[in-house]
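Have a look at the model first, then work through the notes.

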Amino acid sequence: MIPEGASYYLSWRLAVEANNVRAWRTVPSQCLRYVEAYMRGGQYDRDLDLIVDQVLSYIKEIDPSDDGMDAWILDVDDTCISNLLYYREKRYGCDPFDPAGFTAWALKGGCQAIPAVLGLFKNLVQNGFKVFLITGRDQETLGQVTSDNLHDQGFIGYERLILKTAGFKGQSALAYKSEIRRRLEKEGYRIWGNVGDQWSDLQGECLGKRTFKLPNPMYFVP
């Protein structure tokens with residue numbers, strides 16, 4: 001029998017990952033130890049491996065053109081690189097989001113690669129796809145450190161790293177990322193796939209032919 005606390009956590013996480021619980025600000029406090037166990041006990045990594053296996057199977061079905069316009073989109077935070085060590089200090093999302101604290105963390109440039117996604121990224125580059133990394137991080141404040149962090153973690157060979165500029169200030173992640181994808185399609189790119197840990201990465205306009213949602217029970221970005 002599943003303990004009552006674990007049962008609630010499993011139901012809550014399923015609802016979150018299915019996007020049935022929206023605009024939540026913090027992880028319920030009774031879920032703290034279960035989120036920690038999920039993120040650090042191996043299940044999170046196993047879930048990532050399974051999802052990436054599905055992405056790789058899909059890639060094998062694609063016959064890229066030789067015009068250089070076949071594209072994939074990857075989110076950055078908790079898709080390519082992990083903020084788990086930051087969120088450990090924030091009780092795995094039980095504490096409210098702290099914009100200044102997150103910026104201070106990101107400025108250290110110490111985010112570790114998520115191994116399954118790094119492997120996916122390398123596969124995409126080796127197969128001739130143009131990979132665009134799109135993040136809601138601020139271009140002016142975090143542009144260089146994010147580029148360096150990604151490079152240090154092995155994300156080398158992407159087509160473009162796109163960060164949020166002043167022109168998008170105040171826009172939701174969904175609206176901002178939709179507009180970036182629209183511009184890429186206007187440039188002539190064919191978006192074969194889109195990978196992210198937030199539903200706002202995967203909803204809106206110009207989504208691409210397939211989307212892949214990675215797990216993240218620690219925070220919600222609208």
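Trp24 is buried, at 9% relative accessibility (buried means under 20% relative accessible area, exposed over 50%, partly exposed in between, with a 1.4 Å probe and protein chains only). This is a predicted model, where local features need pLDDT of at least 70 and side-chain atom pairs count only at pLDDT 80 or more, while totals for chains, interfaces and linings use all residues. Residues are numbered from 1 along each chain as its sequence is written, and side-chain values use heavy atoms, with hydrogens and water left out.

**Aromatic rings**

- Rings of Phe, Tyr and Trp (its six-membered ring) pair up if their centres lie within 6.5 Å; planes under 30 degrees apart are stacked, over 60 edge-to-face, and the rest tilted. By this rule the count comes to 17 aromatic pairs.
- One of them is Trp24 with Phe220, a tilted pair at 6.4 Å centre to centre with 50° between the planes.
- That pair links distant parts of the chain, 196 residues apart: Trp24 is in the loop between α1 (4-17) and α2 (32-40), and Phe220 is in the segment after β7 (210-213). (Helices are DSSP runs of H or I with at least four residues, strands are runs of E with at least two, and both are numbered from the N terminus.)
- Phe168 is buried at 7% relative accessible area, and Tyr176 is buried at 1%.
- Tyr86, Tyr87, Phe97, Phe102, Trp105 and Tyr219 come together as one aromatic cluster.

**Charges over rings**

- A charge sits over a ring if NZ of Lys or CZ of Arg is within 6 Å of the ring centre and within 35 degrees of the ring normal.
- Lys209 lies over the face of Trp192, 5.1 Å from the ring centre.
- Arg210 has its charged end over the ring of Tyr58, at 5.2 Å from the centre.

- Most residues other than glycine have a negative phi.
- Ala23 isn't a glycine, yet has a positive phi of about 55°. Ala23 lies in the loop between α1 and α2 and is exposed, with a relative accessible area of 56%.
- Asp78, also not a glycine, has a positive phi of about 60°. Asp78 lies in the loop between β1 (70-75) and β2 (81-82) and is buried, at 2% relative accessibility.

**Pockets**

- On a 1 Å grid over the protein atoms alone, a pocket is an open set of points with protein on both sides within 12 Å along at least five of seven lines, a cavity is a set where a 1.4 Å probe fits but cannot get out, and lining residues have an atom within 4 Å of a point.
- The largest pocket has a volume of about 1000 Å³ (the space filled by probe spheres set on the points, which are joined across faces, edges and corners).
- Which residues lie nearest the centre of the largest pocket? Among its 42 lining residues, they are Phe97, Phe102, Gly136, Tyr219 and Val221.
- The largest share of that lining, four residues, comes from β4.
- The second largest pocket has a volume of about 220 Å³. Of its 15 lining residues, Tyr44, Asp45, Ser82, Leu84 and Ala113 are the closest to its centre.

**Nonpolar cores**

- A nonpolar core is a set of buried Ala, Val, Leu, Ile, Met, Phe, Trp, Tyr and Cys residues joined through side-chain atoms within 4.5 Å.
- The largest core has 56 residues, and Trp72 and Leu74 have the most contacts inside it. Its largest share, seven residues, comes from α3.
- Apart from that core lies another of 12 residues, including Phe132, Ile162, Phe168 and Ile180.

**Cavities**

- A search of the whole structure finds two cavities of 30 Å³ or more.
- The largest cavity has a volume of about 50 Å³, and its lining includes Trp24, Tyr219 and Phe220.
- The second largest cavity has a volume of about 40 Å³. Its lining takes its largest share, three residues, from β1.
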